[in-house]
Amino acid sequence: MKIKLTFLLLLIPLFLTAQNVPSPFIGTNLARGSSLRVLRLAVSVNGEFTQSVPGANDTEKKAEVLRIMKLWIAEINNMYGREYSVRFELVPDNLLLSIIYPKAATDPWPPMWGGGCINAANILNNQESVIDNAIGAANYDISHVILSSSYGGGCAGWFKAGYSSGFDIPVSRHEIGHQFSQAHTINNGNSTNYEPENAGRSVHGGNTDPYAHSNSYHQLAKYLLNTVPTVGKNIPTGNTVPTVNAGPDRAIPVNTPFTLFATASDPDVGDVLTYVWDQLDGSTMQNLPAPKKTQGALFSRLVPSLVPSRTYPKISSIIANTFSTTEEDMPTLARDLNFRLTVNDSHQFNYNGTMVNQSGTHSDDIRITVVNNGGPFTITSQNTAVTYTGGTNQAITWNVNGTNLAPINASNVKISLSTDGGFTYPIVITNSTANDGSQVVTMPNINTTQARIKVQAVDNYFFAINSSNFTITPNTSIAGIGISVTAENTLVSENGQTDTYSVRLLTTPSGAVLLNLTADNQTEISLDGTNFSSSRTIVLNNTTPRTIIVRGKSDNRSEGTHSGLIQHSISASDDLVNYPLGMNGQPVSVSVADAQIPPIIGIDFDATSSTTSPTNWVRISDIRNQSLTNIPLDDGTPTGIDLSMNATNCGIGGCGFTSSTFSLPQHARSLSGLTGVTYARGTATFNWSGLQANTKYVVFVFGVGVFGPMNQSVTIEGSGNPVSFTQNASSNILLVNDQVSSPKPLPTFGKIITSSPSGTINITVTSNLASTEMSFAGIGIRKMD
């Protein structure tokens, strides 16, 4: 087990009365990121680990340990720089080599067994004095000891006392955090469990994601501020920390979905804001669904994303009418829900000639008071698969259940319509009507089989969605605006890729009708394919369709795949009876690929049964003796580039498998289909050919272990020096080259290599595991701009 109680945490009482205990940090928000805290790190390695690495003698083995250590600290720095604006500098090599011990019999670290904090005092009580005597107390700020890979987990006592096993990155990042006084967010014997036991994800929760829970972040920031304020170097970076507003506190009804909305800003050009919401209600340990819904965290945290809002529960769960899962559990009884929104600006800083993670981070808190004034807020109509004709009047009804009374005080509601099964609600039926339980509305004259109704409180966060899709069929004998898209989704890019749809009047007007087409700030529209703008007006005199051309609007922001919306409204009419001013047509939703992230050639490794891959990626399950020719970029452009692959054998259990979902890099098109893996044994080779000779390319190797840890050495060769790195991670941790995958732009993960004079780049992968297994989620390549 990777997560073990630290030396300090063993002092905590084990039995306390179950109750909801909000974090003491609520209302105090600590910002970091205007400077980078740099700490000198001394890492000592015991003899058992040193003897386990390749090398003909002790000198070579110590050199190999030093090489592994530098790869390890690079990964630790990626995470600590992004999450805390903290960076570790290894002390000079000569000092490190003096505390990398070649043999167990002569190292100062006693034999350890049992894992975690068992016998922790044997190391922690002596660690500071041992390292002080070896390299001098003035030559380092913080220390860490690496034990053999066979030792399970690690333990920590304080800033200069902590250890972990085998340069295991998840374990090390966890234990180093304990050295900054970070506590677990699960598995505590008191009421400081801020994540569900079965849905903890943060570094000090389940440790499946390389992100800090906001309570952990606060503990580390407080420790730097109050306990070690002058240790290390504080380097000004010129970064502006984001400003954050999580919104006003509100009361909502029990067992009712709600969406929290955030606003944040950052003036620094190139910074990309990510958002994550944490529930800061502590309790004794509990799983979800929770047996006691009045205490603790009822919602697991998600990975940070570009979306500032979060809906509770997930919209997919609401549509499925499922309010209680192993990740989210709606409160059915009165209680407070305390949330912290953390915003990270993904800033990078030029540190000694290298761009490093140095994010600005800030937060804001919001309290949601759950009240039982009579039950949940629910829609009572349209809960079967009914069919309506467009233009007819229909009643929408809902249970008010005291939501119009104090302390909720939602006197008005907004009613909207979805045409995609409940995921989005672009059609506003009424912006505000009394929250009295009933409203007769005119169904839009549109064509959809996936209509849903949403009734949401005005000036509050809660809402209800009807429980079933229903159908609206257009009445072509009455006036209306008809929309026809060319495919299921309208797909465009900021790089100029366009798509089309058509718009028409459903009946012939008695005079000219002017229809305004208005795009949001993500898209532009054109009538001729040459002249694009954010709005167009077309004159319609009959029912003949008009073709509208759409493209993404380049905004010089790295956003990944995002969405846009085009609205249709009548602005002038010579037939006011049938086509009055303000009549709206069905909006068109557009998927926009980002121009700031160039396309790549992508190969997706997956199970043979899989039907999903990132757009325009080639999907295969077995890399043995495979050859692919003229592989396109993932924007569809042919390249003339070929790839041959081979491996000695498949994995022990087979070749291709389904893996999991991960926090994925931003890319021009979503990488969400990257959910598989192929296993191989022996040596794996990937040989790119047909490249431009002596030209720089960016290479991506996506590695992940599904059935156990991954540990494999990768070498990329073209002309000049080869690029080598190790992919070493616990199971279900996706690495892009040698970095843990996260929502940064994909190019930041790339390895740059110059192609050979014959236009080739060769990748060779060997396993460092006794099983000789290797595992890959995908590979990719693109020519460097």
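A search of the whole structure turns up four cavities of 30 Å³ or more. Here a cavity is a set of points, on a 1 Å grid over the protein atoms alone, where a 1.4 Å probe fits but cannot get out; a pocket is an open set with protein on both sides within 12 Å along at least five of seven lines; and lining residues have an atom within 4 Å of a point. Grid points are joined across faces, edges and corners, and a volume is the space filled by probe spheres set on the points. The model is a predicted one, so local features need pLDDT of at least 70 and side-chain atom pairs count only at pLDDT 80 or more, while totals for chains, interfaces and linings use all residues. Residues are numbered from 1 along each chain as its sequence is written, and side-chain values use heavy atoms, with hydrogens and water left out.

The largest cavity holds about 230 Å³ of space. It has 23 lining residues, and those closest to its centre are Arg82, Glu83, Thr274, Pro304 and Asn344. At least two lining residues come from each of helix 2, helix 6 (214-226), strand 12 (274-279) and strand 15 (335-344), with strand 12 giving the largest share, three residues. Helices (H or I, at least four residues) and strands (E, at least two) are DSSP runs, numbered from the N terminus. By class, this lining splits into seven nonpolar, twelve polar and four charged residues; Ala, Val, Leu, Ile, Met, Phe, Trp, Tyr, Cys and Pro count as nonpolar, Asp, Glu, Lys and Arg as charged, and the others, Gly among them, as polar.

Next comes the second largest cavity, at about 80 Å³. Its lining counts 13 residues, and Glu75, Asn78, Met79, Arg82 and Val740 sit nearest the centre. Helix 2, helix 5 and strand 47 (739-740) each give two or more residues to this lining, and the largest share, five residues, is from helix 2.

On the open side, the second largest pocket contains about 810 Å³ of space. Phe49, Ser149, Gly166, Asn711 and Asn728 are the closest to its centre out of 35 lining residues. Two or more residues come from each of helix 1 (47-52), helix 2 (58-84), helix 5 (169-179), strand 44 (710-717) and strand 45 (723-729). Helix 2 supplies the largest share of this lining, six residues. The lining has 17 nonpolar, twelve polar and six charged residues, and domain 1 and domain 4 each put in at least three.

Ile118 is in the loop between helix 3 (93-99) and helix 4 (121-135). Its relative accessible area is 42%, so Ile118 is partly exposed (buried is under 20%, exposed over 50%, partly exposed in between, with a 1.4 Å probe and protein chains only). Neighbours within four places in sequence aside, Ile118 is in contact (heavy atoms within 4.5 Å) with Met112, Trp113, Tyr151 and Tyr163.

Ser613, for its part, is in the loop between strand 37 (601-605) and strand 38 (618-620). Its side chain makes a polar contact of 2.6 Å with that of Asp604. Such a contact is a pair of N or O atoms within 3.5 Å; within protein, one must be able to donate a hydrogen and the other to accept it, and residues adjacent in sequence count only if both atoms are side-chain atoms.

Methods. Domains from an automatic or database assignment.
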